[in-house]
Amino acid sequence: MNLPISIRGARQHNLRNLNLDLPSNKLIVFCGPSGSGKSSLAFDTLFSESRRRFLDCLSARSRQGMDQPEKPEVDSITGLPPALCLEQSARQQSSRTLLGSITEILDYLRILYAAAGTPHDPETGKELERKSPDRITEELVSLPEHTRLILTAPAENLLAQDPAATLADFQRQGFLRVYWNGEMRDIEEISSPVPPPPDAALVIDRLIVRGENTASRIADSLQTALRINPDEVRAIITIPGEEASIRAFHTRYRNPETGFLLPQLTPRHFSFNSPLGACPSCRGTGLNEQENGPCRACGGQRLSPLALAVTMPAPDRAYNLAELTALPLEDMAGELERLKTPPSLAAALTPLMEEINKRVRFLNELGLSYLSLDRQANTLSGGELQRARLASQLGGGLSGVLYILDEPTAGLHPADTDRLLRALRTLRNQGNTVLVVEHDEQILTAADHLVDMGPGSGTNGGRILAQGSLAEILGNSGSPTGEWLSGKRNMPASGRKTAPAGRLVLTGADKHNLNNVTLNIPVGTLTCISGPSGSGKSTLVRDCLIPAVRQDLSGKKGIPRRVQGTEHFNRLVVIDQSPIGKTPRSTPATATGLLQVLRPLYAQLPLSKQRGYTAARFSPNIRGGRCERCQGTGMIEVDMNFLGNVAMPCDACQGQCYNRETLEVTWKGKSIAQALALTVDEAAEFFSSLPRAAAILKSMQDVGLGYLNLNRRADTLSGGESQRIKIAAELAKAPAWKLEEDGKRALFILDEPTSGLHFNEVALLLAALFRLRDAGHTILCVEHHKDLLNAADYLVDMGPGAGRHGGNIVAEGSPADVASNPEAPTSPWLVPR
């Protein structure tokens, strides 16, 4: 019987002393609003405690250099299995980390190429030759009867350093003769050896060939010769009636024409992270650092000439490792089946090939068929990275593990989510517990066990509102998620429907997999671009539309125009999930402009005027008002010697960022640091008498960020939170009722704005987008969320597949138009109206 994971008294962050039993070997989903405590329970309690217990099992020496997690705020956790966290973050990935590295497929391929690859001369491209001992024996046995045969082991290199000592050692081993300057000589005759001649060789055996009768002796003598020189054996052959000749047999790959000799290949020869395998010009980066382009020596393939000259043959061509890993995974799967491996290595290579094929298959099944193994990990989206890690775990075949995933549907089309679900069920069926923090309806309805958290965010969350099977959640009136899933609550109606004021038209989009696409966007509407992952949505918007619009709005002349209709806009606003600032100093208060409102407020207070403080005094970035101990960051790094540096609250300002004199200035009893420590909801009430501050805070509440502290560091925000802060900033710049009057119409482009949002928050976001649209602006979203797609005025559905199977606009029009088109890949998930 599998024991449940029993949690008692969980109080981490905003958790309210939770008691909870989670069933083992089930697919469990934590749902609820952002900031309700889902991640605090899943990652900061369960995963953190599992990791802490694992590290406690290690010796003190083994733990050196590792971050030592603190025990989470929880009374007890029993039944907790080893936990693996499959994150979306790529922050720790360098440009040398590839998709093939994450999935470990590259490791297996390096073994394959080292063991079974066909090497060529890097200079001439000629296939290199070598002979096995068995093959050499066959050739010698096949010589005519009565052929005189002398087997020798080349010894020039052995004799080079100390000829006399080496010859004496040969005598002690029982050898009597050497081949020296073209003749046979007794070792005793060479009393004062000079540097050895190029043909110096130790005589191993002398015999007369008598067919198969001499096969055993020749084989034994060959083994003796190869112990002396494992790379080469020379035979002096005298066929009856002919002159003696010398034939060399090489057991290592070589080019007989140029003499090029291949070193013994190892997997490191195929790693661009090893000096043995890296391109000597770019050192394995694939880049020409001076020109910031592909390395001229390796063509961006990262590997050394020697590694690139080793190939695996297929029926119609051969692939070196770089060429094979550059194939889209869907193509690579087929080519792997066609690779020819030596029959003599079949037993050894079969398990290796099965492992490679299995992992490639999992990647394809998870909807990553358009990617290649040589894709840099730091260029993958969070969803792609997490699915790659998931594929690696599927291939690992572990059981008895708690897998924790953070919103694995991020960036997934509904069809791709179905594939993801199959993978999660496979993990569960292998005897694992799979815990997912998720908002996606498809995942929620497929869960074995749901935990609905809330009711709100921050201090208003941290409670378990409902838990159980889907049926139990749907029947629980206290579950907000259950109300949305049952249809009792619905998204806000789109409202205003007017004819578009014109169209923004992009023509000739042909980057990457796009097939000369023409994009039409009705002006003054909410338009969504949908389609499978890898179908070309981001390429069309990010790489084609945005540069073309920016170029046109800049007014540059003499540049060919690829976009028409920009006269409807006076600015372009791109709102993506990138951080709100480049440093940790950036906070929601700085990103929305709230701090710019508060600084003059505090500068006008009586104490500030008495001391001559200006608004600059209340900036944590400027000398004078900031704490100089931490330079306004509120944190200092403590050197832990052999352990990693630890960031701790500044002991001078107690994490408040400002010095004592600045903190003495208060408004309504709060210093500027105390005001910035408030949540958005608390600040909205506190600053309700200040119209500009209230407008900013109201816009943040409107997009579901009421729980967020105003001084939250930018590097701790999720991508979805960063994006909503940017949306709030735009909403607050000018109230909706003024935008149309001022004629400040903008083109807003958003990248998956529903990422990480609960149903309640999607509803808030939709209302905010409708406000922008109704004020005359044009909103374009790259999106997968079914509720946003169904609420759009206009849809552009791309596909029909990913990679080379995509790159086309399959259907466009209203959601009802696209829903009625059976060719549209998104049509099964749209609601006809």
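Predicted model: local features only at pLDDT ≥ 70, side-chain atom pairs only at ≥ 80, totals over all residues.
Student: How many disulfides does a search of the whole structure find?

Tutor: A pair of cysteine sulfur atoms must be within 2.5 Å to count as a disulfide. Cys-295 is in none, as the nearest cysteine sulfur, on Cys-298, is 3.8 Å away. Cys-298 is in none either, with the sulfur of Cys-282 nearest at 3.7 Å. Over the whole structure, the number of disulfides found is zero.

Student: Is Cys-298 buried or exposed?

Tutor: Good follow-up! The cut-off for buried is under 20% relative accessible area. Cys-298 has a relative accessible area of 5%, so Cys-298 is buried.

Student: Which domains each give at least three residues to the lining of the second largest pocket?

Tutor: This pocket holds about 640 Å³ of space. Its lining has 37 residues, and those closest to the centre include Glu-441 and Asp-787. Glu-441 falls in the range 399–486 of domain 1, and Asp-787 in 744–832 of domain 4. The domains that each supply at least three lining residues are domain 1 and domain 4.

Student: Which helix gives the most to the lining of the second largest pocket?

Tutor: Helices H14, H15, H17 and H29 each give two or more residues to this lining. The top contribution is four residues, and it comes from H29.

Terms used: Residues numbered from 1 in each chain as written. Heavy atoms only, no water. Buried < 20%, exposed > 50% of the residue type's maximum accessible area, 1.4 Å probe, protein only. Domains from an automatic or database assignment. 1 Å grid on protein atoms, 1.4 Å probe; cavity = no way out; pocket = protein on both sides within 12 Å on 5 of 7 lines; lining within 4 Å. Points joined across faces, edges and corners; volume = space filled by probe spheres on them.
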